[in-house]
Amino acid sequence: MRRRPRLLVLVGPKGAGKTSIGRGLGEHPGVRFVDVERVAKRVLDQTGGVIDEHYAARAFEAIYQELCAREGDAATLVMETTGASDSANALLSKLRSRFDVVLVRILAEAALCDERMATRDQSAQIQVDSAMVRAMFERTVALDWPWALTVDNDGRRE
């Protein structure tokens, strides 16, 4: 019997470090990071640049198709999301029908997230205004999902 592929879903606010962590994990044998921001950005460009729930549903479908296409690439796939969209639960449900989904929460303080977003390559990111970033931050940190692991990625050492 063929084992279902594992999918690590890194969930956290914009700037929390999900992509950096995902890329680092993708360097390990048997693990592949799937850059879903690139997929979502392509859908945003195709839909006229308006970020709303219609866009989110289309982007999540494209992300699902991308993950399915990459299913045989590695035993474990890794993706990232803020989880802030109303469509996020529908995506997770659909992903669970095909993958063994492991939810990993990535947290960082809002000021550090802002700083990280200001210093990264903006051409590779979906641009959102500061009010939307704040709303997404609040929705993301309030998520009550069955986390397998929580990573405090604010850079503090204790």
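In this predicted model, Thr140 touches Gly12, Pro13, Thr82, Ala84 and Arg105, leaving out residues up to four places away in sequence, where contact means heavy atoms within 4.5 Å. The model is predicted, so that local features are given only at pLDDT of at least 70 and side-chain atom pairs only at pLDDT 80 or more, while totals for chains, interfaces and linings use all residues. Residues are numbered from 1 along each chain as its sequence is written, and side-chain values use heavy atoms, with hydrogens and water left out. The protein averages a pLDDT of 90, and 95% of the residues score at least 70; pLDDT is the predictor's confidence in each residue, from 0 to 100.

**Confidence by element**

- Among the elements of the protein, β1 has the highest mean pLDDT (98) and α5 the lowest (86); helices (H or I, at least four residues) and strands (E, at least two) are DSSP runs numbered from the N terminus.
- Where pLDDT is low, the predicted coordinates should not be read in detail.

**Two threonines**

- Thr140 has its place in helix α6 and is buried, with a relative accessible area of 3%; buried means under 20% relative accessible area, exposed over 50%, and partly exposed in between, with a 1.4 Å probe and protein chains only.
- A polar atom of the Thr140 side chain lies 2.8 Å from the backbone oxygen of Thr82.
- Thr47 lies in the loop between α2 and α3 and is partly exposed, with a relative accessible area of 22%.
- The side chain of Thr47 reaches the backbone oxygen of Leu44 at 3.2 Å, and, with neighbours within four places in sequence left aside, Thr47 is in contact with Tyr55 and Arg58.
- Thr47 and Arg58 are 11 residues apart along the chain, and their C-alpha atoms are separated by 8.9 Å.

**A buried glutamate**

- Glu80, found in strand β3 (residues 76-81), is buried yet has no salt bridge, and the nearest side chain of opposite charge, Lys18, is 6.7 Å away.
- For charge, Lys and Arg count as positive and Asp and Glu as negative, whereas His and the chain ends are not counted; a salt bridge is a side-chain nitrogen of Lys or Arg within 4 Å of a carboxyl oxygen of Asp or Glu.
- The Glu80 side chain makes a polar contact with the side chain of Thr19 (3.4 Å); such a contact is a pair of N or O atoms within 3.5 Å, of which, within protein, one must be able to donate a hydrogen and the other to accept it, and residues adjacent in sequence count only if both atoms are side-chain atoms.
- Residues up to four places away in sequence not being counted, Glu80 touches Leu10, Lys18, Thr19, Phe33, Val34, Asp35, Val36 and Glu37.

**Salt bridges**

- Side chains of opposite charge can pair when their charged atoms come close.
- The structure holds 11 salt bridges, including one between Glu66 and Arg38, whose closest N and O atoms are 3.4 Å apart.
- That pair links distant parts of the chain, with Glu66 in helix α3 (residues 53-70) and Arg38 in helix α2 (residues 36-46), 28 residues apart.
- Glu66 is buried at a relative accessible area of 13%, whereas Arg38 counts as partly exposed at 40% relative accessibility.
- A network of salt bridges links Arg32, Arg38, Glu66, Arg70 and Asp73.
- Asp114 and Arg134 form a salt bridge with their closest N and O atoms 2.4 Å apart; Asp114 lies in helix α5 (residues 110-119) and Arg134 in helix α6, so the pair ties together parts that are 20 residues apart in sequence.
- Both partners are partly exposed, Asp114 at 24% relative accessibility and Arg134 with a relative accessible area of 41%.

**Nonpolar cores**

- In soluble globular proteins, nonpolar side chains tend to be buried together.
- The largest nonpolar core has 29 residues, and those with the most contacts inside it are Leu7, Leu67, Met79 and Leu95; such a core is a set of buried Ala, Val, Leu, Ile, Met, Phe, Trp, Tyr and Cys residues joined through side-chain atoms within 4.5 Å.
- The elements giving two or more residues to this core are β1 (6-11), α2, α3, β3, α4 and β4 (100-107), and its largest share, eight residues, comes from α3.
- Apart from this core lies another, of 10 residues, among them Leu10, Val78, Ile106 and Phe137.
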